[in-house]
Amino acid sequence: MYSYYRPTVAEISLDALNGNIAAFRRRIAPGTKLLASVKANAYGHGLVETSREAAASGADYLGVAFLDEALALRRAGIRTPILVFGYTPPYGLAAAREQDITVTIWRPDVLEAAERLPASDRNRKLQVHVKIDSGMGRLGLLPGREAEAFLERACRAPGLQVEGLFTHYARADETDKSYTEMQV
């Protein structure tokens with residue numbers, strides 16, 4: 001048996017989650033959509049339980065890292081809109097479309113695969129957000145003409161519905177906001 005000399009306890013409070021979502025709702029403009037990030041098993045706090053509470057508390061969208069997480073939420077009966085922040089391989093696009101899961105695209109090969117998707121049985125379009133890398137240095141298109149051309153192409157694709165565009169602010173929690181202002 002192992003002894004631990006630095007015990008750690010994680011206490012999950014769904015009431016606190018509800019209160020946090022209510023606090024955000026009070027601060028954002030009416031009609032503004034609110035996404036609750038529940039990626040990585042809701043940061044270790046329970047994907048399904050946290051997602052259910054977030055949706056019941058007023059989150060309009062759930063954000064996950066990978067398609068597998070989104071599919072797990074659908075299997076659990078959660079119908080709240082879901083955005084996959086990370087990479088979805090071309091072979092996962094049809095499943096995302098059929099389960100009403102929005103995926104993030106930024107790679108030309110994924111856009112090409114999305115353009116070649118066979119028509120949906122229910123005439124659904126693949127919902128997408130385009131990711132711009134404005135300074136985080138991980139995923140996304142670099143700002144400029146290439147990103148503009150990609151976005152224009154995605155908007156013209158008959159089987160796609162571009163819902164949005166987003167970036168990841170690398171230093172938004174720092175006191176000095178100059179880098180975040182540059183990203184904006």
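Predicted model: local features only at pLDDT ≥ 70, side-chain atom pairs only at ≥ 80, totals over all residues.
Figure 1. The crossing of α1 past α3 is right-handed. On the α1 side, the contact is made by Leu-14, Leu-17, Asn-18 and Ile-21. On the α3 side, Glu-49, Thr-50, Glu-53 and Ala-54 take part. By class, the residues of this contact are 4 nonpolar, 2 polar and 2 charged.

**Figure 2. Helix α3 packs against helix α4**. The view shows α3 with α4 (residues 67-75), their axes 10 Å apart and at an angle of about 70°. The two helices are therefore roughly perpendicular, since angles of 65 to 115 degrees fall in that class. α3 passes α4 in a crossing that is right-handed. Leu-47, Val-48 and Ser-51 of α3 make the contact with Glu-69, Ala-72 and Leu-73 of α4. The contact of α3 with α4 consists of 4 nonpolar residues, 1 polar and 1 charged.

**Figure 3. Helices α6 and α7 cross at roughly 15°**. The axes of α6 (residues 108-115) and α7 (residues 145-156) come within 11 Å. The angle makes α6 roughly parallel to α7, because angles under 35 degrees are classed that way. The crossing of α6 past α7 is left-handed. In α6, the residues that meet the partner helix are Pro-108, Leu-111, Glu-112 and Glu-115. Their counterparts in α7 are Phe-150, Arg-153 and Ala-154. This contact of α6 with α7 has 4 nonpolar and 3 charged residues, and no polar ones.

**Figure 4. The largest pocket holds about 620 Å³ of space**. It is lined by 18 residues, of which Lys-39, Phe-85, Phe-166, Thr-167 and His-168 are the closest to the centre. At least two lining residues come from each of α2 (39-44), β5 (126-131) and β6 (160-166). Sorted by class, the lining of the largest pocket comprises 10 nonpolar, 5 polar and 3 charged residues.

**Figure 5. The second largest pocket holds about 350 Å³ of space**. Of its 17 lining residues, Leu-17, Asn-20, Ala-36, Ser-37 and Thr-50 are the closest to its centre. Leu-17 and Thr-50 also belong to the contact between α1 and α3. α1, β1 (35-37) and α2 each give at least two residues to the lining of the second largest pocket. α1 provides the largest share, 5 residues. The lining of this second largest pocket divides into 11 nonpolar residues, 5 polar and 1 charged.

Figure 6. Along the sequence the elements follow the pattern α-β-α-α-β-α-β-α-β-α-β-α-β-α. The C-alpha trace spans about 55 × 45 × 45 Å along its principal axes.

Key
Residues numbered from 1 in each chain as written. Heavy atoms only, no water. Left-handed = near helix turned anticlockwise from the far one by under 90°. Helix = DSSP H or I, 4+ residues; strand = E, 2+ residues; numbered from the N terminus. Contact = heavy atoms within 4.5 Å. Nonpolar A, V, L, I, M, F, W, Y, C, P; charged D, E, K, R; others polar. 1 Å grid on protein atoms, 1.4 Å probe; cavity = no way out; pocket = protein on both sides within 12 Å on 5 of 7 lines; lining within 4 Å. Points joined across faces, edges and corners; volume = space filled by probe spheres on them. Axes fitted to C-alpha atoms, helices over the stretch in contact; angles between N-to-C directions. Parallel < 35°, antiparallel > 145°, perpendicular 65-115°, else oblique.
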